[in-house]
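Reader: I'd like to go through this one label by label. Can you show me the structure and tell me what backs each term?

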Amino acid sequence: RLGQELAAAQLGFAGTVSVGAQLGAAMVVPLAIKILKEESPRTTVRLDAGLMEPLIEKLRLGEYDMVEGRLTSIVDATGIALEPLYDDAVMIVASPKSTLARKRNLQWSDLAGHPWVLPPQESLARSSFNRAAVEVGLQTAEDLVETGSFLALITLVRERDSLAVLSESVARFCEASSLLKV
């Protein structure tokens, strides 16, 4: 269906393209939408952001034409064509006003005792973070908020002086916009 919609778009016809994007990994999608809308302003784009597992399920059900997210977040790729678009590391972010944001040469131990905003426990991003934290000896945060909401993450990090993890592209965008500090 996506191929038909894009072919119609190239001819100037209107249509709808449905896209799912993993939370925290959706930086390339808005840029692709910008290019598509320059070529075909009458094409409607429906963009949903969420956790990878439900997005993939909706892709399988035909509700999305494509899903953008981390390949490592896909547990079962049966029946799905995978195409690597870019490599995006995960980074820890803080409020620009945080004492950690002004500190040079941070160590993992400097992060202990701070509040955290993390993806929900059942997400693969959270599992990856938990494994990495164990590897570096970072204790589980006692003060923790779990959310899949990007807006809540930014607000909590800024207003509660919390730490969070974001993809590098999103973290760099937030830093360039003076929202967060990498």
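This is a predicted model: local features need pLDDT of at least 70, side-chain atom pairs count only at pLDDT 80 or more; totals for chains, interfaces and linings use all residues.

Reader: What makes aspartate 161 partly exposed?

Author: Its relative accessible area is 30%. Buried would need a value under 20%, and exposed one over 50%. Aspartate 161 falls in between, so it is called partly exposed.

Reader: And what about the phi of aspartate 161?

Author: Phi is positive there, about 55°, although the residue is not a glycine. Most residues other than glycine have a negative phi. Serine 178 also has a positive phi, near 60°, and is not a glycine either. You'll find serine 178 in the segment after α7.

Reader: Is serine 178 buried or exposed, and how do you know?

Author: Exposed: the relative accessible area of serine 178 is 53%, and the cut-off is over 50%.

Reader: Which residues does histidine 114 touch?

Author: Leaving out residues up to four places away in sequence, the contacts of histidine 114 are Leu100, Ala141, Asp143, Asp161 and Leu163. So aspartate 161 turns up again in that list. Histidine 114 itself belongs to the loop between α4 (99–102) and β5.

Reader: How do you know that histidine 114 reaches the backbone oxygen of aspartate 110?

Author: The side chain of histidine 114 comes to 3.4 Å from that oxygen, and a polar contact has to be within 3.5 Å.

Reader: What makes β5 and β7 a pair?

Author: Pairing takes at least two bridges, and 2 bridges join β5 (residues 116–118) to β7 (residues 163–167), with the two strands running parallel. In one of these strands, β7, alanine 164 is the bridge partner of valine 117.

Reader: Why is the pair of tryptophan 116 and phenylalanine 129 called tilted?

Author: The ring centres are 5.1 Å apart, and pairing requires them to lie within 6.5 Å. The planes make 50°; stacked would be under 30 degrees and edge-to-face over 60, so tilted is what remains. The count of aromatic pairs comes to 1. Tryptophan 116 is in β5 and phenylalanine 129 in helix α5 (residues 124–136), 13 residues apart. Both are buried.

Reader: What makes up the largest nonpolar core?

Author: That core has 12 residues, including Met91, Val93, Val117, Leu153, Val157 and Ala164. β4, α6, β7 and α7 each give two or more residues to it.

Reader: What does alanine 164 touch?

Author: Beyond its neighbours within four places in sequence, alanine 164 is in contact with Met91, Ile92, Val93, Trp116, Val117, Leu153 and Val157.

Conventions
Residues are numbered from 1 along each chain as its sequence is written. Side-chain values use heavy atoms; hydrogens and water are left out. Helices (H or I, at least four residues) and strands (E, at least two) are DSSP runs, numbered from the N terminus. Rings of Phe, Tyr and Trp (its six-membered ring) pair if their centres lie within 6.5 Å; planes under 30 degrees apart count as stacked, over 60 as edge-to-face and the rest as tilted. Buried means under 20% relative accessible area, exposed over 50%, partly exposed in between (1.4 Å probe, protein chains only). A polar contact is a pair of N or O atoms within 3.5 Å; within protein, one must be able to donate a hydrogen and the other to accept it, and residues adjacent in sequence count only if both atoms are side-chain atoms. Contact means heavy atoms within 4.5 Å. A nonpolar core is a set of buried Ala, Val, Leu, Ile, Met, Phe, Trp, Tyr and Cys residues joined through side-chain atoms within 4.5 Å.
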